[in-house]
Amino acid sequence: MAIAVTGIGSLLTNDPELGTITDAAVVMEGERVAWVGPSAQAPAADERVDAGGRAAIPGFVDSHAHLVFAGDRTAEFNARMSGRPYTAGGIRTTVAATRAATDEELDANVARYVAEALRQGTTTIECKSGYGLTVEDEARSLRAAANHTDEVTYLGAHIVAPEYDDDPAGYVDLVTGPMLAACAPYARWVDVFCERGAFDGDQARAILTAGAKAGLTPRVHANQLGPGPGVRLAVELGAASADHCTHLSDADVDALASGDTVATLLPGAEFSTRAPYPDARRLIDAGVTVALSTDCNPGSSFTSSMPFCVAIAVREMGMTPDEAVVAATLGGARALRRDDVGRLSPGARADLVLLDAPSHVHLAYRPGVPLVSAVWRGGVRHTG
Ligand SMILES: [Zn+2]
């Protein structure tokens with residue numbers, strides 16, 4: 001079954017040879033892209049959809065989200081917006097609610113937010129554990145995530161579990177031992193919150209190294225709340241991405257530029273905590289590959305909207321509209337080491353988003369406006 005979307009006013013392919021094509025068409029065959037080119041030359045297809053001059057982009061790739069949780073933290077957000085600073089400790093509220101939830105409740109929560117993201121154009125989403133912090137609660141969190149995405153990350157090292165307040169070393173032993181053994185079968189990635197108030201550089205190194213030995217590839221929450229060793233550790237260990245990158249030294253930027261670790265920027269977190277934004281311009285000018293993601297979580301960034309992140313990145317982080325949309329699609333794919341998503345060219349997965357706009361620049365130009373009008377994921381139309 002071939003579907004041709006024709007009359008695309010502006011098609012962002014993220015393919016170095018195809019670039020952005022005007023008056024374009026995309027032919028999807030099954031779950032893959034079969035053909036991309038000028039609309040007038042589109043081959044015959046079983047079904048034809050006229051885009052009517054609307055712009056099309058690859059589906060967003062959200063490479064950083066925390067969707068396995070229960071409860072919410074409206075009161076905390078409300079208090080913070082009244083002047084209280086954000087600290088890593090707020091995570092405990094969600095840990096308590098998550099432990100008290102049933103498997104079905106956790107699964108339904110993931111399903112709800114994956115669907116919410118899909119309606120906003122996100123066709124690939126990563127999902128972390130990290131609100132269970134016991135062997136069984138982390139393992140069931142990952143099972144819930146794995147029901148809805150292939151990009152599953154073991155984040156037993158989100159914070160030290162409350163039971164280990166007086167024995168953080170004992171918690172690291174648990175995370176690198178029995179918890180890892182129970183979780184590794186469900187995950188592709190291992191992550192650690194390397195930050196004051198969470199895990200220091202030595203603890204993070206032990207956790208990521210143990211995860212890698214169990215077959216998981218590292219990614220790191222690094223340099224969000226202040227300077228620290230996270231970014232350089234990520235590069236040294238060959239992590240797929242260093243996430244947040246808000247407080248960077250020149251040495252951090254040099255390390256990112258010299259390795260193949262992607263810098264994943266999460267402006268929803270700075271927005272929701274009234275913190276200074278990361279300097280995307282500095283990273284891009286240094287030659288670092290940048291991704292944009294939501295960090296969707298109930299505490300510090302409760303948005304699933306990639307268009308919102310694109311708009312903020314352009315307004316506050318020095319990115320051009322082109323750079324921001326590329327970072328939210330191709331950048332995310334690179335952060336997940338995927339070459340089948342984040343682009344629209346033959347062979348890619350047929351993840352296509354039609355925008356109620358003549359150009360993808362409108363994602364930043366018209367902030368807050370719901371421009372996503374149709375979404376195909378793997379060749380299947382989900383909205384519009
Ligand atoms: Zn996060």
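**Annotated positions and two helices in a predicted model**

D295 is found in the loop between β14 (290-292) and α12 (306-316); helices (H or I, at least four residues) and strands (E, at least two) are DSSP runs, numbered from the N terminus. The structure is a predicted model, in which local features need pLDDT of at least 70, side-chain atom pairs count only at pLDDT 80 or more, and totals for chains, interfaces and linings use all residues. Residues are numbered from 1 along each chain as its sequence is written.

D295 counts as buried because it has 27 C-beta neighbours inside 10 Å. The term buried requires 20 or more other C-beta atoms within 10 Å of the residue's own, exposed means 12 or fewer, and partly exposed lies in between, with C-beta atoms placed from the backbone. Leaving aside neighbours within four places in sequence, D295 is in contact with H64, A65, L266, G268, A269, S300 and S301, where contact means that the C-beta atoms, placed from the backbone, lie within 7 Å.

UniProt, in an unreviewed entry, places the feature "binding site" at H64, H66, H221 and D295; its positions are given in the numbering used here, feature names are shortened, and annotations may be inferred rather than shown by experiment. These residues span 232 residues in sequence, yet no two of their C-alpha atoms are more than 12.2 Å apart, so they gather at one spot. H66 lies in the loop between β6 (60-62) and α1 (74-80). H66 is buried because 28 C-beta neighbours fall inside 10 Å. Not counting residues up to four places away in sequence, H66 touches K128, G130, C296 and N297.

Helix α7 (residues 201-213) has 13 residues and should span 18 Å at 1.5 Å a residue, which agrees with its end C-alpha atoms being 18 Å apart; the expected span is 1.5 Å times one less than the number of residues. In α7, Q203, A204, I207, L208 and G211 are buried. Seen down the axis of α7, the buried residues fall within an arc of 125°, so they line one face of the helix; the arc is that of the directions from the helix axis to the C-beta atoms. The cover over these buried residues includes β9 (152-157), α5 (168-176), α6 (178-183), β10 (189-194), β11 (217-222) and α8 (230-236). On the other side of α7, D202 and K213 are exposed.

In helix α9 (residues 250-258), D252, V253, A255 and L256 are buried. Their arc, seen down the axis of α9, is within 160°, so they line one face of the helix. The buried residues of α9 pack against α8, β12 (241-244), β13 (262-265) and α11 (280-285), whereas D250, A251 and S258 are exposed on the other side of α9.

Key:
Contact = placed C-beta atoms within 7 Å.
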